[in-house]
Amino acid sequence: MSDTILDVAGVSKTYADGTVALEPVDLAIRRGEIFALLGPNGAGKTTLISIVCGIVTPSSGTITVDGHDAQRDYKHARRKIGLVPQELSTDAFESVLATVTFSRRLFGRSGHSAYIEQVLRDLSLWDKRHAKIMELSGGMKRRVLIAKALAHEPDLLFLDEPTAGVDVGLRRDMWKLVHRLRANGTTIILTTHYIDEAEEMADRVGVIARGKLLLVEDKAALMQKLGKRELKLALAAPLAAIPAALAQWSVTLEDEGHTLRYVFDAKADDNGVPALLRALDAAGIAFKDLETRKSSLEDIFVDLVEARA
């Protein structure tokens with residue numbers, strides 16, 4: 001069995017009017033991982049997922065799902081995939097149990113009530129199994145979409161903006177569910193523009209912007225490679241402007257001059273911090289507190305997108 005469950009090679013999408021929605025993408029997804037495709041709205045995340053799931057026809061490239069060519073062997077490839085779309089489109093007058101069971105049978109699976117029951121219990125939907133979907137809250141409807149996607153026991157689950165528009169409590173529940181699914185052997189690809197979602201859940205991160213996949217990296221390695229540290233000094237008295245004596249450090253003022261901010265490379269032999277503190281003392285600039293912190297994935301993401309704009 002290959003370690004790669006999904007192989008995307010040279011996949012692109014250009015519409016008839018010439019609009020390039022997706023530049024050629026090469027991407028290999030490892031079996032059993034959680035992969036986060038991170039990017040702003042309109043970056044091409046949904047386009048890529050829709051192509052892999054057979055909803056949108058690619059302009060070029062090939063897709064292989066667990067050894068099956070997604071175009072020549074569509075039925076077998078699609079059976080390996082579960083998709084939770086961004087939109088809440090469900091059969092409003094059907095019960096939860098009926099719509100999830102129907103989704104399972106669409107892929108040629110038997111009713112298998114024990115499996116459906118387990119999925120609904122895992123999603124806290126069992127007590128709502130006889131409720132009509134139109135009676136459910138938005139968060140519960142999203143759980144139903146996940147149940148439908150899992151109904152035919154896919155090996156690869158796509159979650160397209162799974163927590164868009166849901167409250168913080170439900171987002172946390174979704175994160176726990178994703179980790180539980182992975183523990184049971186499901187490979188998960190999620191798209192998100194929530195940085196904390198990728199930081200919380202992903203093993204690897206892909207950054208996409210303006211239809212171009214900018215980078216794919218292990219999350220820890222990405223933060224180690226690109227992450228910086230930030231020094232913030234709470235000044236004893238506010239500054240109206242940066243003194244000339246501090247110009248070489250590219251410091252910035254925040255909080256109406258009460259805070260001095262300096263971003264530095266923690267791995268550098270000379271990060272400039274000791275010299276900066278000496279320069280502050282020589283210039284008679286006192287501070288009452290200081291703190292340092294690592295860059296978050298959000299800082300890295302913003303830097304990447306801005307650098308390649």
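This is a predicted model: local features need pLDDT of at least 70, side-chain atom pairs count only at pLDDT 80 or more; totals for chains, interfaces and linings use all residues.

Modeller: Residues are numbered from 1 along each chain as its sequence is written, and side-chain values use heavy atoms, with hydrogens and water left out.

Biologist: At roughly what angle do the axes of α3 and α5 cross?

Modeller: Helices (H or I, at least four residues) and strands (E, at least two) are DSSP runs numbered from the N terminus. Axes are lines fitted to C-alpha atoms, for helices over the stretch in contact, and angles run from 0 to 180 degrees between N-to-C directions. The axes of α3 (residues 96-106) and α5 (residues 138-150) come within 7 Å, and they cross at roughly 30°.

Biologist: Why is α3 described as roughly parallel to α5?

Modeller: Angles under 35 degrees count as roughly parallel, over 145 as roughly antiparallel, 65 to 115 as roughly perpendicular and the rest as oblique. The axes cross at roughly 30°, which makes α3 to α5 roughly parallel.

Biologist: Which residues of α3 and α5 make the contact?

Modeller: Contact means heavy atoms within 4.5 Å. On the α5 side, the contact is made by V144, A147 and K148, and on the α3 side by V96, T99, V100 and S103.

Biologist: How are α5 and α6 oriented to each other?

Modeller: Helix α6 spans residues 168-183, and its axis lies 11 Å from that of α5 at an angle of about 15°. The two helices, α5 and α6, are therefore roughly parallel.

Biologist: How many charged residues are there in the contact of α5 with α6?

Modeller: G139, R142, R143, I146 and L150 of α5 meet L170, D173, M174, L177 and L181 of α6. Ala, Val, Leu, Ile, Met, Phe, Trp, Tyr, Cys and Pro count as nonpolar, Asp, Glu, Lys and Arg as charged, and the others, Gly among them, as polar. By these classes the contact has six nonpolar residues, one polar and, as charged residues, three.

Biologist: How does α3 lie relative to α4?

Modeller: The axes of α3 and α4 (residues 113-122) come within 11 Å and cross at roughly 125°. That makes the relation of α3 to α4 oblique.

Biologist: Which element gives the largest share of the lining of the largest cavity?

Modeller: On a 1 Å grid over the protein atoms alone, a cavity is a set of points where a 1.4 Å probe fits but cannot get out, and lining residues have an atom within 4 Å of a point. L6, V8, L27, F35, L37, L48, I49, V52, F158 and I189 line the largest cavity. Two or more lining residues come from each of β1 (4-14), β3 (34-38) and α1 (45-52). The largest share, three residues, comes from α1.

Note on methods: On a 1 Å grid over the protein atoms alone, a cavity is a set of points where a 1.4 Å probe fits but cannot get out, and a pocket is an open set with protein on both sides within 12 Å along at least five of seven lines; lining residues have an atom within 4 Å of a point.
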